[in-house]
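Dear colleague,

Please find below the structure that I am handing over to you, followed by an account of what was found in it. I would be grateful if you kept the model open while reading.

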Amino acid sequence: MFKRVVSVAALSLFLQGTAQADELVVAAAASLTNAFKELAGQFEAENPGTKVLTSFAASDVLLQQIINGAPVDVFASADQKAMNKAEQAKVLDPATRKNFVQNQVVLIVPADNPAKVTNAGDLGKPEVKRVALGNPAVVPVGRYTQAALEKAGQWEAVKQREILGQNVRQVLDYVARGEVEAGFVFATDAAIMSDKVQVLEVLKTTEPVTYPIALVQRDGRHDKAQAFQDFVMSESGQAVLAKYGFAQP
């Protein structure tokens, strides 16, 4: 069995034609990393001869790679905005777009919670010097966070202390290592480091945190792309996603 995970930088090398014809290329939001690695392995086992190449990063970063010509077959985003941009750029098949999981945005602190934060209302306290969140310009969790905090009247306090991460896993690492007093990530990310971070609060987001998936519209798309999407949407695929804390949309 052969499966590779590549960085966005490595994915850009595909623009020079390094992708192999038998590789099914799946670009997925960073928060899907653990679940999609397992899904890729199961799909390979059920489809002998098919190799799944996965790339994980902020949804907007992956989108730019696709727009620039990276031969991605399946794109899974952490919010609707990134997928809307893909549709507007005409790089996906809109008929294949489906919501496949739902998540939540949570406030987390290091396990020892040195600033004694209890909820988002405490983030303006002088003890709180740094708050990590995904860069709203490119990271879906950052967009959800900003909108929720603006509605709650708490955004300015966080904005003054913001440490921007380039994807949700970077934000998680900042908090887990105690480099910031608090941060905002998806619930599924917090769950993988439950020994290093505490979840204090679930944000009331202005829209549901739903993840869409679609096939990329390009010449030479892998003939198993639809089969992979179907597998993600299937009962067995959803069981894997549920294991990592994702809910059905």
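I begin with R143, which is part of helix α5, residues 140–152; helices here are DSSP runs of H or I with at least four residues, strands are runs of E with at least two, and both are numbered from the N terminus. R143 has a relative accessible area of 12% and is therefore buried, where buried means under 20%, exposed over 50% and partly exposed in between, with a 1.4 Å probe and protein chains only. Beyond its neighbours within four places in sequence, R143 is in contact with D60, D79, K81, A82, K85, P136, A137 and V138, a contact being heavy atoms within 4.5 Å.

Two remarks on the source are needed. The model is predicted, so that local features need pLDDT of at least 70 and side-chain atom pairs count only at pLDDT 80 or more, while totals for chains, interfaces and linings use all residues. Residues are numbered from 1 along each chain as its sequence is written, and side-chain values use heavy atoms, with hydrogens and water left out.

The chain as a whole

The protein chain contains ten helices and eleven strands. Its radius of gyration is 18 Å, close to the 18 Å that the globule rule gives for 249 residues, so the chain is as compact as a globular protein of that length. That radius is taken over C-alpha atoms, and the rule is 2.2 Å times the number of residues to the power 0.38. The C-alpha trace spans about 55 × 35 × 30 Å along its principal axes.

Of the 249 residues in the protein chain, 51% are buried. Contacts between residues at least 6 apart in sequence join residues at least 24 apart in 78% of cases. The accessible surface of the chain is about 10,600 Å², and carbon and sulfur atoms account for 49% of that surface; the areas come from the Shrake-Rupley method with a 1.4 Å probe, and for residues only the protein chains shown count as cover.

Cavities

Rolling a probe the size of a water molecule over the atoms shows where empty space is left. In the whole structure, the search finds two cavities of 30 Å³ or more. A cavity is a set of points, on a 1 Å grid over the protein atoms alone, where a 1.4 Å probe fits but cannot get out; lining residues have an atom within 4 Å of a point. Grid points are joined across faces, edges and corners, and a volume is the space filled by probe spheres set on the points.

The largest cavity has a volume of about 60 Å³. Its lining consists of 13 residues, and A30, A58, V139, P140 and V168 lie nearest its centre. Ten of the lining residues are nonpolar, three are polar and none is charged. In this scheme Ala, Val, Leu, Ile, Met, Phe, Trp, Tyr, Cys and Pro are nonpolar, Asp, Glu, Lys and Arg are charged, and the others, Gly among them, are polar.

V139 itself sits in the loop between β7 and α5 and is buried, with a relative accessible area of 2%. Neighbours within four places aside, V139 is in contact with A58, G134, G165, Q166, N167 and V168.

The second largest cavity has a volume of about 40 Å³ and is lined by S31, N34, A35, R169, T188, I192, Y244 and F246.

Individual residues

Most residues other than glycine have a negative phi. K90, which is not a glycine, has a positive phi of about 60°; K90 is in the loop between α4 (80–88) and β5 (98–103) and is exposed at 68% relative accessibility. N113 also has a positive phi, near 45°. The loop between β6 (105–110) and β7 (131–134) holds N113, which is buried at 9% relative accessibility.

E179 belongs to the loop between α7 (168–176) and β9 (182–186). With a relative accessible area of 38%, E179 is partly exposed. Apart from neighbours within four places in sequence, E179 is in contact with R130 and Y174.

Finally, L62 lies in helix α3, residues 59–67, and is buried at 0% relative accessibility.

Yours sincerely

Technical notes:
1 Å grid on protein atoms, 1.4 Å probe; cavity = no way out; pocket = protein on both sides within 12 Å on 5 of 7 lines; lining within 4 Å.
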